[in-house]
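Trainee: I am new to this structure and would like a close look at one part of it. Could you take me through that part slowly, and then go on from there?

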Amino acid sequence: MTGEIETLEELSQQYRESMPEDLREAKSFDWYLQEVYEDPRIARNAHQRVADMFDFYGTQYNDDLGIVEYHMATEDSLHDGENVFYGREIYEAIHEFVNKIKSGARGLGPEKRIKLLLGPVGSGKSHFDWLVRRYFEDYTLRDEGRMYTFRWVNLGDIIHDQDPADDVVQSPMDQDPLVLLPQEQRDGVIEKLNAVLDAPYTIRNDQALDPASEFYMDRLLAYYDDDLQEVLENHVEIIRLIASENKRQSIETFEPKDKKNQDETELTGDVNYSKLAIYGESDPRAFDYSGAFCNANRGIFSGEELLKLQREFLYDFLHATQEQTIKPKNNPRIDIDQVIVGRTNMPEYRDKKGDEKMEAFNDRTKRIDFPYILEYEQESQIYRKMLRNADVPNMHIEPHAMEMAGLFGVLTRIEEPDSERISLVQKAKAYNGELDDGDDIDVKKLREEGEKKAEIAEGMYGVSARFIGDEIAEAIMNSTHRGRDYLSPLTLFNHFEENLENHGSIPEENLERYYRYLELVREEYKERAIEDVRHALAYDLDEIQRQGEKYMDHVMAYIDDATIEDELTGREQDPDEKFLRSVEERLDIPEDRKDDFRQEVSNWVSRRAREGTSFHPQDNDRLRRALERKLWEDKKHNINFSALVSANELDDDERNAWVDALVDQGYSREGAREVLEFAGAEVAKAELQD
């Protein structure tokens, strides 16, 4: 145990400071009226409050993607970054979701629609929905997000048939206190609020009181001879309203049950049978406002697997969205104010979309696609986050392990490219931003092509991050049992291969293709492993600098159509084309593209010279790779690669030097030995074939 032990008194003080000061205070209606005049945002509707919530926690505009990124998803300050999201696909989905919320806040139409999050299993839609609910709870605790409701008090003094247990009754729908004002007077107040409101929307409230509150208001107005002031001063208290999913207060989640047992009362509420004997069947006080739509009022309704509900059961959503009312059985309609969010997977969406009888429901739905991530390095961040949030302190993750896991996932999700000029792996690299300046690949066109080929959208099918995360976890536990404290890509590949067909969400007809993709990933890793070993065995910074300077001297002479002094004889000669091509061929630059590459490198050197920066070839990624590979080709014939596979055939000092070089690249010592043997075997095999 480290640090000072906190006392109960200190813990209690921390809790007290986290709660609003007015949480337990009852205020008068006149107090509330003055508050909303000073801060009209208090009277916002649900869409307006949720829209402001996203901005409150911070935003950043992404110029490259043309979208707003919301810090609650990119940083997650409430949970110390535990729930951050990664990938352009998810950021675009969140941007679209918030835009619909903000449009609804302005009354443009989406406030009357279900925001339907559509995506494959494990795409992040449920987690995002969960995160929105957590932040809404926090936002309503703060002054910026505060909201109020009211409760009826001293009812038994006036209404003689009132159950003594109901002398104090909180607004059953947690309505805004402004609904206590008749519409004409309310409109006058709202007009004044909007005159001073600094917001991109206007305050609106034309809701009727819920039936029970309407009953109390009528009885009390009759008693006080229509003196509204007497009613509000003597029988209404204003209280702070905090959203809480656990308390089913301004946040409600709804899950489909057994189809045979579904009942609309789960959504709209039901008769309170304990009150029937007291009030009678037609009395609005005998109604139980416990339906999901009732509980979600003023906040967020979240429907899980929404389209698994029976068609008839979904009809309640028609009024809830378009009319913003619910109609309980044998009861008057009830106005509602909430953001209705639904989530569904692909099979249910396809079934309902093709159902002509669902036309009205589909028309009241705004679909937001949540595809899988298509950038494998962003995908790898999901797995790193998983490991950061777990207890795996003694497991070293070897270089490329998470990236290769992500690459496998991405290959199963993207559409095969039409052009023979680019392979599936190259397309994945293009999506990942691995484009050299000389590559003739239009990523925008690739994405458009993928969208056209996909049934709904690219990334809606494939292996989920959940499956890959499970296999990473299994590989870690297996390595632990075997006494291995490192996790390598080779270990992950074995787990993927062994468990693909055991995963229930992967269709059998896709297995052969996925095994082929796994081989592509193995091949990609082989190239990276050899590159790392190449760097460890042949990297010489001084030699790279010397070769880089020589290359640039010959390039400049080539571009200027000039001669260059020979290093040995001192005679003027033409640029050494053989030497230039020996560098460029390491990057697979064809003969007809050599001039473009030479001009590109020349421009880079010229820019640095104008900036007063010295020439260092290792600062140019493409040139550095080309020179490293040339140096490797020059030296590899002096390396016994077969000896790398067997510790007995190699001098310990030499092997340790190579291991040390790999450790400097991020490998563990055991992982370095594994990659030495693996790359050595692959290079030796290639040497024999040559």
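Mentor: In the hairpin of β1 and β2, four residues lie between the strands, and Gly 66 takes a positive phi near 70°. Strand β1 (residues 59-62) and strand β2 (residues 67-70) run antiparallel and are joined by four bridges, where strands are DSSP runs of E with at least two residues, helices are runs of H or I with at least four, and both are numbered from the N terminus. Two strands are said to pair if DSSP finds at least two bridges between them; here Asn 62 stands opposite Ile 67 in β2. This is a predicted model, in which local features need pLDDT of at least 70 and side-chain atom pairs count only at pLDDT 80 or more, while totals for chains, interfaces and linings use all residues. Residues are numbered from 1 along each chain as its sequence is written, and side-chain values use heavy atoms, with hydrogens and water left out.

A last stop is Glu 379, which lies in helix α17 (residues 376-388). Glu 379 counts as buried because its relative accessibility is 1%, buried being under 20% relative accessible area, exposed over 50% and partly exposed in between, with a 1.4 Å probe and protein chains only. The side chains of Glu 379 and Tyr 383 are joined by a polar contact of 2.5 Å, that is, a pair of N or O atoms within 3.5 Å, of which, within protein, one must be able to donate a hydrogen and the other to accept it, residues adjacent in sequence counting only if both atoms are side-chain atoms. Leaving aside neighbours within four places in sequence, Glu 379 is in contact (heavy atoms within 4.5 Å) with Ile 373, Gly 406, Arg 413, Ala 465 and Ile 468.
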